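Subject: Structure handover

Hello,

Here is the structure we discussed. Please look through it before reading my notes.

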Amino acid sequence: MNILREIQPSSKPVKRAYVALMLWFVGRAIEAAARVDGAVKAEFDGLSPGFTFSLGVMPQGPMMIVGKDDQGLVRYLGWNPEGQKIDLKMKVKNLEGAILMFTFQESTALATARNRLIVDGEVPAACAIVRVLDIVEVYLLPKLIAKLAVKRYPDWSFGEKIWNRVRIYAGAVLGL
Amino acid sequence: MFQPQSAYAFYSPTKVLSGNKALENLPVELDGMNAVKPLILTTPVLSARGMEKVMESAFGDSNLTIGVFAGVPSQPDLRLIRELYGLYRDNGYDAIIALGGGPVMDTAKALNVAVSGRPEDLESLADRNPLTKKLRPLAAILNLDLSGCEMTRYASLGSLSLTSPALIPDLMIIDSRTVPAEEHKTMAATALMSMTQAVEACLHPARNPLTDAYAYGAARFIMENITNVLKNPSERKGRLALANAAFFAQTSFDNLAPGMVYELGMAISRSCQTNPGLIMGLLLPHFLLLEMRKEIATRNDLYLFIGGPEAFAGTMAEASSRKAVDRIVEILLELQSLVVDFPRSIRDLGIKKEDLEGLIVQGSAAGVRGEYDPQDIRNILEKAWETRF
């Protein structure tokens, strides 16, 4: 009789930590971008009051949660979904898919087209969040990398881009 | 042209995931089928080539426990299924993943029948009694060493022939890590088998728009990639295209009755223990010439499938069918120049002229279900015996 082996596949702690760090940073950057960029603010203004969304990795995270507070301000709400009412859940189907997205080998739009994401919620809201993610990535990344990460690189003035980038980095890193 | 008066049916229940990191979707897909503990079946050869490690990595971070049985032999039998049935039940597995083609897939399909009901259901199915229970989830991971029936309703286990649409896998994954370069002869045989299935599907009297679409995809992928893959086996994109072509071809084949070249190729293969794909490659040009001469089933756009849209558009209508045959012969000659020991005719396989009579009887009886004239079968076999490509 041939041997049957039972395997408990190992976890991938380094990749998980990288994706968790990226989600934390992008979550805080979205909060900052909603204050400094008119397009991001407009996208959130179009969403219902108290709207909250999560972006995470299946089956067990990591995850980021971002939502609008009572004053309509956009807030990064951490990584723990417990006790939160989440209107839109965007889940990457596996850690490797998240690595492709967060190492900018695949844009959010391309990852969606390649069936790497599950969206649980309203499609218009999901489209708005994908547009927000695209804008935030343009601010966070050098042009060479951002062009890989977004569907279409925007034609912004150099001064405006740099000034907003400094403010978003300051907001994301220092909480200013 | 679409014919509104034509009624047709088409069945393909398989979800397909192909490309970079496709394998990592397995845990989520199994979860969607209410399965949390899969049993992976594979061969000792594939296991030794590191496929087990690839699977382990794909399930990394999923929190699932997987079972791996790497002992599927080249000729699986009922005894093996009974042993696997015990292992499956005792260890609480709830899905099967077939890693590899041919015997692995036959074993997986048969085991799925057994574990979804009782092992006795296999004999009942072989006696043409329909399955009464829904089968457990079955996922197929294709490579380029295929029998031609992996994604179809057919399976064979020793003397048992199983046929049921329920046997078709629920999920198929093609990932470059699990489609390694095989021996040249194996890859050529798989491609020729797929090409035969595609060409016979597009000439089949019962063909429909969907079988055409699948056959077209298969034929184009094979014609555009097979020689490149043999010249440069490390070319990942080409190997993926050939594995996709196999799925397309098998799906169109599964929706139509098996064709003459397929049946004769299988019959000859049984008598000389040669890969049936190579034999079908030798028979295919003669079948196409016969179809051309008879001018019955031949369609005027066959060259579109075989030569591609540009070559087809640049060819006069009356020369189109002849060009299709010429292109098939060209590819066959190229493969023969790239593959060591590729037979030049069915005579090279040790088939004697007097053996042809038996093959004609086999072909015109059970094999081709009386659809073909024995004289046509004789014609093809004699030409394939006499002609050395």
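Predicted model: local features only at pLDDT ≥ 70, side-chain atom pairs only at ≥ 80, totals over all residues.

Residues are numbered from 1 along each chain as its sequence is written, and chains are lettered from A and ligands numbered from 1 in the order in which they are written.

Confidence

The predictor gives an ipTM of 0.82 and a pTM of 0.89 for the complex. Chain B has a mean pLDDT of 90, with 96% of its residues at 70 or more; pLDDT is the predictor's confidence in each residue, from 0 to 100. Among the elements of chain B, the lowest mean pLDDT, 74, belongs to helix 15 (residues 355-367), and the highest, 97, to strand 5 (residues 138-141). Helices (H or I, at least four residues) and strands (E, at least two) are DSSP runs, numbered from the N terminus.

Chain A

Chain A contains seven helices and six strands, in the sequence pattern β-α-α-β-β-β-β-α-α-β-α-α-α. Its radius of gyration is 17 Å, close to the 16 Å from the globule rule for 176 residues, so chain A is as compact as a globular protein of that length. The radius is taken over C-alpha atoms, and the rule is 2.2 Å times the number of residues to the power 0.38. The C-alpha trace of chain A spans about 70 × 40 × 30 Å along its principal axes.

Of the 176 residues of chain A, 39% count as buried. A residue is buried if 20 or more other C-beta atoms lie within 10 Å of its own, exposed if 12 or fewer, and partly exposed in between, with C-beta atoms placed from the backbone. Among contacts in chain A between residues at least 6 apart in sequence, 64% join residues at least 24 apart; a contact means C-beta atoms, placed from the backbone, within 7 Å.

Five strands of chain A form an open sheet with mixed pairing, in the order 4-3-2-5-6. Strand 4 (74-76) and strand 6 (117-120) of chain A are at the edges with a single partner strand each, so one side of each has no neighbour in the sheet. The average twist is 15° from one strand to the next. Two strands pair if DSSP finds at least two bridges between them; strand 3 (residues 63-68) and strand 4 of chain A do so in the antiparallel sense, over three bridges. A:Lys68 is opposite A:Val74 of strand 4.

Helix 5 (residues 123-140) of chain A lies across strand 2 (52-57), strand 5 (88-92) and strand 6 of chain A, at about 60° to strand 5. Axes here are lines fitted to C-alpha atoms, for helices over the stretch in contact, and angles run from 0 to 180 degrees between N-to-C directions.

A:Gln105 sits in the loop between helix 3 (95-102) and helix 4 (108-113) of chain A. A:Gln105 counts as partly exposed because it has 13 C-beta neighbours inside 10 Å. Its C-alpha atom is 6.6 Å from that of A:Leu148, 43 residues apart along the chain.

Seven strands form an open sheet with mixed pairing, in the order 1(A)-3(B)-2(B)-4(B)-5(B)-8(B)-1(B). Its edge strands are strand 1 of chain A and strand 1 (15-18) of chain B, each pairing on one side only. The twist averages 20° from one strand to the next.

Strand 4 (residues 95-99) of chain B has five of its five residues buried: B:Ala95, B:Ile97 and B:Leu99 on one side, B:Ile96 and B:Ala98 on the other. Strand 4 of chain B runs parallel to strand 2 (residues 38-41) of chain B, joined by four bridges, with B:Leu41 partnering B:Ala98. Four bridges also join strand 4 to strand 5 of chain B, again in parallel.

The interface

In the contact between the chains, 20 residues of chain B meet 21 residues of chain A. Strand 3 of chain B gives the largest share of chain B's side, four residues. Strand 1 (residues 4-7) of chain A pairs with strand 3 of chain B in the antiparallel sense over four bridges, and A:Ile7 has B:Ile66 as its bridge partner.

Regards

Notes: Contact = placed C-beta atoms within 7 Å.
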